[in-house]
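Please look over the sequence and the model before reading on, and keep both at hand while the text moves from one part to the next.

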Amino acid sequence: MGNKFVMVGGGSTQSPGILEVLRQRAEELSLTELVLYDVDQERVDLLGEYTKMYYAELGSKVKVSFTTNIDEAFTDADFLFMQIRPGLNKQRAIDEKICLRNGVIGQETCGLGGFSFAMRVIPAVIEIIEKVKEICPKAWILNYTNPEAILSEAIYRVFPDAKVLCICDMPISIEGAIAKYFNKNLRDVTFKYFGLNHFGWWTNIYDENGQDLLPVLRKDVLSGKIDTLLQSNEETKEDQYWIDTYRQMVSLFKRFPEYFPNCYLQYYLTPDEMLVHDDPTFTRGDYVMQGREKRIYDECRRVIAAGTAKNSTLHAGVHGNYIVDIAHAIIHNTRERFTVNKKNHGAISNFDPEAVIEVPAYIGSMGAETINVGEIPTFQKGLMEMQKAYEKLTVDAALTGSYQTALEAVMLNKTVPNYTIGKKVLDELYEANQNYWKPLA
Ligand code: G6P
Ligand code: MN
């Protein structure tokens, strides 16, 4: 019997890369039916029609359909790949501008941009998972929706028994860059990592002989031999944001050389350096809308109008392969190692056992079994504890609608300097998100 996959948020600009990997690897996934589901009729029509043509013309046997009807989409589903964005990039850019005008980080997963996005996304995702429980309770949900750190905290709290894995492609992307630096195959290198999503560190990088390469990387960075890990043949090479980010990540390692940092720590450890570059009149959200969004939907329109997808190619990258690799590991019970977000339950021995953390895990048909980290040092633990308290209070605020809790959450975000700014940004974000946040009282 074949597997039915559903893309939840199928009309998203993040879909094409996943769709391409699903097409290429349909056989090994026993993928026979694919549904693009979205609440946005126009976008799901465009990407859905495009995908149908693209798959068919390349000889795919997969039955492709698209719909805005959730019951129809979820019936008999085996896997749901979820990546939704209530308010689209338009709302992302509004949040970024409010934050930046007030002199604080507005990034959509870090700082108060992340807070606002969480307030929009948590109620929407809870509704979707309720539907999964009702319509296709046996299905696995692989979630890419951001802000993954806060959302995973909400998901595992509200649905402790649900078959959900919360994932992010940033650790594997950085690991790929590190492996490349050492001229190794990614699969031959074993990484030890701990933290929260977009807030973690690598402690060891073992090669196939068990030699730890982290001290080598440290030496190369401290001696000035390298100042970035991004290489000219990588996917992100043309995007100035990622060029800058990979440099900043190495620069952070130089200043905190104990462990290698996840790049998103740039917003917490060097917010002043980030704010110098961030333009409150043209943000990352604007960039994505004018770039990726426009390119993708224009291409769908062109192909549909031409009546053929023969001059169109989708690009399969890390993002698409990572989620498909995880589905593959579940289907074939491979027990391979992936980094995921799950409840700690002792993996980090000196951290809240009920908190969701990001660590490597072995994945098979029963889900993910996290790998023991042991004790973590005071510096990282202190940062993580404050961040986790912020994440938990954000979930509380999203679920209860308590203004006071929202304010407390905001004050715990390290990017917020004081009460005056914290409250002002919170109030402005609330005002701008009336259609999305639960009313606060
Ligand atoms: C990485 C992160 C994602 C994030 C994306 C940014 O893949 O892991 O969490 O969404 O980068 O994408 P964008 O191009 O929309 O800024
Ligand atoms: Mn991510």
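Predicted model: local features only at pLDDT ≥ 70, side-chain atom pairs only at ≥ 80, totals over all residues.

Residues are numbered from 1 along each chain as its sequence is written, chains are lettered from A and ligands numbered from 1 in the order in which they are written, and side-chain values use heavy atoms, with hydrogens and water left out.

Strand β1 covers residues 3–8, and six of its six residues are buried, so the strand is largely enclosed by the rest of the structure. (Buried means under 20% relative accessible area, exposed over 50% and partly exposed in between, with a 1.4 Å probe and protein chains only; strands are DSSP runs of E with at least two residues, helices runs of H or I with at least four, numbered from the N terminus.) The burial holds for both faces, with N3, F5 and M7 on one side and K4, V6 and V8 on the other. Its partner is strand β2 (residues 31–37), with which β1 pairs in the parallel sense over six bridges, where pairing requires that DSSP finds at least two bridges; K4, for instance, has E33 as its bridge partner in β2.

C168 sits in the loop between β6 (164–166) and α7 (170–181), and H198 in the loop between β7 (190–196) and β8 (199–206), so the pair ties together parts that are 30 residues apart in sequence. Both C168 and H198 are buried.

Helix α8 (residues 214–222) packs against helix α9 (residues 240–255) at an angle of about 100 degrees, with the axes 9 Å apart. In their contact, which means heavy atoms within 4.5 Å, L214, L217, R218, V221 and L222 of α8 meet V250, F253 and K254 of α9.

Most residues other than glycine have a negative phi, and most peptide bonds are trans. A cis peptide bond, however, joins N146 and P147, with omega about -10 degrees, and P147 lies in the loop between β5 (140–143) and α6 (148–158). N183, in the loop between α7 and β7, has a positive phi near 55 degrees and counts as exposed at 74% relative accessibility.

How values were computed: Axes fitted to C-alpha atoms, helices over the stretch in contact; angles between N-to-C directions.
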